[in-house]
Amino acid sequence: MHVFALLIACALASLTLCAGEPVKPNVLFICVDDLKPLLGCYGETFARTPSMDKLASRGVLFERAYCNQAVCSPSRNALMLGLRPQTLGIYDLATNFRKAVPDALTIAQHFQKSGYRTEAMGKIFHTGHGNREDAASWSVPHFSPRAPQYALKENNAPPADPNADKSKPENLPRGKALECADVSDDTYADGKIAAEAVRRLQAAKDKDEPFFMAVGFIRPHLPFVAPKKYWDLYDPQKLPQAARLTPPDGAPKFAPQFGGELRQYAAIPQDGPMGPDLSRQLIHGYYAATSYADAQIGRVLDALDETGLSKNTIVMLWGDHGFHLGDHGMWCKHTNYEEAARIPFILALPGAKGARTQALIETVDVYPTLAELAGVPVPTGIDGRSFAKVVRDPAAAARDHIIHVYPRGGGMLGRAIRTERYRLVEWKKPGAPASTAVFELYDYQADPGETKNLAAEQPEVVAKLTALLATHPEAKPQVPVGDKKK
């Protein structure tokens, strides 16, 4: 680790001119939708993810990185603002963050103020469901590709009901959950996003100003669509299947979820288990879509190397949340459990070698960390805490615990404390008396598969972790959506 720290110091020093003037490093900010740590570099032997594995070989891989809420928009707000969902009071897809904090300074705006050209393509903020992109964050208009959801017409959704409330996901008609089509990578949106990122990098090599370039890939988000060659990488009969198909013993009935997002797609049962054959197809689709996204990331990283920009570029790879693939009978995200909350995160500095860390970090920490590593002012007034010291020395610690949340019906919110060993979830309405709380407790040392809620059996551990939870402000209730145009 001392050798690695020396290499990092040398990498940071290399960003200074001989005359002593600091050279601002570029930032390549790669976001991937619904990507769990199901990657070769995370020890998944079946995954074919050579591009992300290669990035890990020249960066720091975080084994214990967590999102702040396992759903797209709140998780991306946490990334871009350094503010947790419970600080904003935004837990849904529809509410734009500026409804809660009109004058918030996003990480992109912060880098803009420090002399950076900020560009974005693909999914960075969550758009849709009534939400929108944030034009103030980007020096040039955001790039959104024009591409079909499906290559094969028979997989498309039926026409939408013109009278339906389109802000509600359940009212949006969906096509098939899977597509394997013998088409080129650029048929789908992610291929076009990669092509645009390559073009932007080639243009950037001739510019003097540093860039903050955000590239957001959609897959492996549902539907699991990918060119046939990525499906062909896998034998579906050999892919791992969920070992446990029921929720943890003793878990509150409202804590799990059973794939409501998936069930909106055509040919998916509306209730009950998916069944072994469909489960195998879905898992195959997730792996194929992950490999497709990996290949697009590879195109971007290759362009970074070919232009010579990698010599002065910090690269971040972040998944917005995890994903249930039938474990505990659950599909998609939308829980406080490990499979939904744990994310892949890799941070690579120019010239550094690969390392791994067990440091606990959460998404809000990315904003101040990138600021510190790039030599721009570290922001104040946010929830995030810089873990730059961990990048310099992977044996260092960042936090003794992280916190994440997930809401349930009736205004109830689950606030989760995750330490190295335990996860405690406190379920109650924001501001309600502590006496109304319902708890979950899991011991990942004794029970890594989350098979039993231990809260009733280990009150002393609950008390200790509740004391940690008490160091955090009470969560805000959901901000009223109101006029989304404001």
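Two strands pair if DSSP finds at least two bridges between them. Strands themselves are DSSP runs (E, at least two residues), and helices are runs of H or I with at least four residues; both are numbered from the N terminus. The model is predicted: local features need pLDDT of at least 70, side-chain atom pairs count only at pLDDT 80 or more, and totals for chains, interfaces and linings use all residues. Residues are numbered from 1 along each chain as its sequence is written, and side-chain values use heavy atoms, leaving out hydrogens and water.

Strand β4 (residues 178-181) runs parallel to β6, and four bridges join them. Cysteine 180 has alanine 226 of β6 as its bridge partner. Strand β6 (residues 224-227) is covered on both faces. Phe224 and Ala226 are buried on one side, Val225 and Pro227 on the other. Buried means under 20% relative accessible area, exposed means over 50%, and partly exposed lies in between (1.4 Å probe, protein chains only). Cysteine 180 has 38% relative accessibility, so this residue counts as partly exposed.

## Leucine 28 in β1

Leucine 28 sits in strand β1 (residues 26-32). Its relative accessible area is 0%, so leucine 28 is buried. What does leucine 28 contact, leaving aside its neighbours within four places in sequence? The partners are Met213, Val215, Val300, Leu301, Leu304, Thr313, Ile314, Val315 and Met316. Contact here means heavy atoms within 4.5 Å. Aspartate 134 is 106 residues from leucine 28 in sequence, and their C-alpha atoms are 19 Å apart.

## Helices α6 and α8

Two packed helices are described by the angle between their axes and the distance between the axes. Helix α6 (residues 189-204) packs on helix α8 (residues 276-306) at about 5°, with the axes 9 Å apart. Axes are lines fitted to C-alpha atoms, for helices over the stretch in contact, and angles run from 0 to 180 degrees between N-to-C directions. The two helices are therefore roughly parallel, a label for angles under 35 degrees.

On the α6 side, the contact is made by Asp190, Gly191, Ala194, Ala195, Ala197, Val198 and Leu201. Helix α8 brings Tyr292, Gln296, Arg299, Val300, Ala303 and Leu304. These residues divide into nine nonpolar, two polar and two charged. Ala, Val, Leu, Ile, Met, Phe, Trp, Tyr, Cys and Pro count as nonpolar; Asp, Glu, Lys and Arg as charged; the others, Gly among them, as polar.

## The enclosed helix α10

Helix α10 (residues 366-374) is largely enclosed by the rest of the structure, because eight of its nine residues are buried. The buried residues are Val366, Tyr367, Pro368, Thr369, Leu370, Ala371, Leu373 and Ala374. Just after α10, glycine 375 takes a positive phi of about 80°.

Strands of a sheet pair through backbone hydrogen bonds, either parallel or antiparallel. An open sheet of four strands has the order β13-β14-β15-β16, with antiparallel pairing. Its edge strands, β13 (402-408) and β16 (438-443), each pair on one side only. The twist averages 15° from one strand to the next.

Six bridges join β14 (residues 412-418) to β15 (residues 422-428). Isoleucine 417 stands opposite leucine 424 in β15. Helix α12 (residues 459-469) lies across β13, β14, β15 and β16, at about 70° to β15.

## Cysteines

The structure holds zero disulfides, a disulfide being a pair of cysteine sulfur atoms within 2.5 Å. For cysteine 41, the nearest cysteine sulfur is that of cysteine 31, 16 Å away. Cysteine 41 is buried, at 9% relative accessible area.

Note on methods:
Parallel < 35°, antiparallel > 145°, perpendicular 65-115°, else oblique.
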